[in-house]
Amino acid sequence: MCSVAFFAVTLFLVMNESKVTDILGKFLTPIILVILALITVFGILNPIGEAVPTTVAGSQFAYGFINGYQTMDALASVLFGVVIIKGLEMKGIKDSKEQKFFLTGAGVIAAIGLGLIYFSLIYLGSQISFMKNLSTAQIALTIAELTLGQSGKLAFGICVAAACLTTSVGLTALVSDWFSKLTGLSYKTIATITCVFSAILAVAGLDYIISLAVPVLVILYPLTIVLIVLNVFGVENKNCYVFTSLVTLIVSTLEVLKVDLSIIPLASLGFPWIAPALVAFILGKIVRNK
């Protein structure tokens, strides 16, 4: 029932396409930031525990980096960039230079905000490191309860709901716009189909959804990182994009299929795609020179 209600709200919010960025920026995001700020401030002023050493199998950096795929921040940044551009166009801002200005500003603000949030969560998480065998959701809920008391559970629930709603609204709007152009169906029809399908899938539960999502993320995340890096450094060579993206996609897919990639440098750390991507990039440069 909660899933149905959640996606009913999502559908209601995305029906007015021109208001999506306003909904995300003026209402949902501030709610998330305020609650996280309260948890952080109370956690710093009133320490909730004492950090104790913990260990993980293999490289701690690789463990944290790869598990960070589940945040979907890199994927979301690319997708939400499209949503922001759409919102700018709805407001009459269609010049590419102006759009780049606003996107750059949004990117800087998002990077600073996410950095502060994650450093805060790392700090607070270290304070309850003595609590063993807690799931990710249990860790977050415990931090909220220890910092804000019993009201922390309610605050955490509101924060999670707002965060999930932010993602669902943005992605549903993007999917609806994309497939309406691709299929000829109306934006509202695609939005309705998307929300109904998502509500049905949500009933299966978080563990089932994660089991479906993780292999997809392992394939798509390296590709997304490669595309972001190429764009950040202003690479214009089409061959570099094609070769690097294709090789990264192939290696990541082989990794998901459990193919032995141990002969590739950095494979033991969980990054078998980096070396092949660099080779493909260099090959793209050489082909261009010819």
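**Close-up views of an all-helix chain**

The chain has 11 helices and 0 strands (DSSP runs: H or I of at least four residues for helices, E of at least two for strands, numbered from the N terminus). The model is predicted: local features need pLDDT of at least 70, side-chain atom pairs count only at pLDDT 80 or more, and totals for chains, interfaces and linings use all residues. Residues are numbered from 1 along each chain as its sequence is written, and side-chain values use heavy atoms, without hydrogens and water.

**View 1. The largest nonpolar core.** This core has 19 residues. A nonpolar core joins buried Ala, Val, Leu, Ile, Met, Phe, Trp, Tyr and Cys residues through side-chain atoms within 4.5 Å; buried means under 20% relative accessible area (1.4 Å probe, protein chains only). Y69, L217, Y221 and W273 are among the residues with the most contacts inside it. Helices α4 (73-90), α9 (206-232) and α10 (238-256) each supply at least two core residues. The most come from α9, with 5 residues.

**View 2. Around L217.** L217 touches Y69, Q70, M72, L75 and P222 (heavy atoms within 4.5 Å), leaving aside residues up to four places away in sequence.

**View 3. A second core.** This separate core of 15 residues includes I39, I117, L148 and A162.

**View 4. Helix α5.** Residues 96-127 form this helix of 32 residues. From first C-alpha to last, α5 reaches 46 Å, close to the 46 Å expected at 1.5 Å a residue (1.5 Å times one less than the number of residues). Its buried residues are Q99, I117, S120, L124 and Q127. At the N-terminal end, D95 caps α5. A side-chain oxygen of D95 lies 3.1 Å from the backbone nitrogen of K97.

Conventions
Buried means under 20% relative accessible area, exposed over 50%, partly exposed in between (1.4 Å probe, protein chains only). A polar contact is a pair of N or O atoms within 3.5 Å; within protein, one must be able to donate a hydrogen and the other to accept it, and residues adjacent in sequence count only if both atoms are side-chain atoms.
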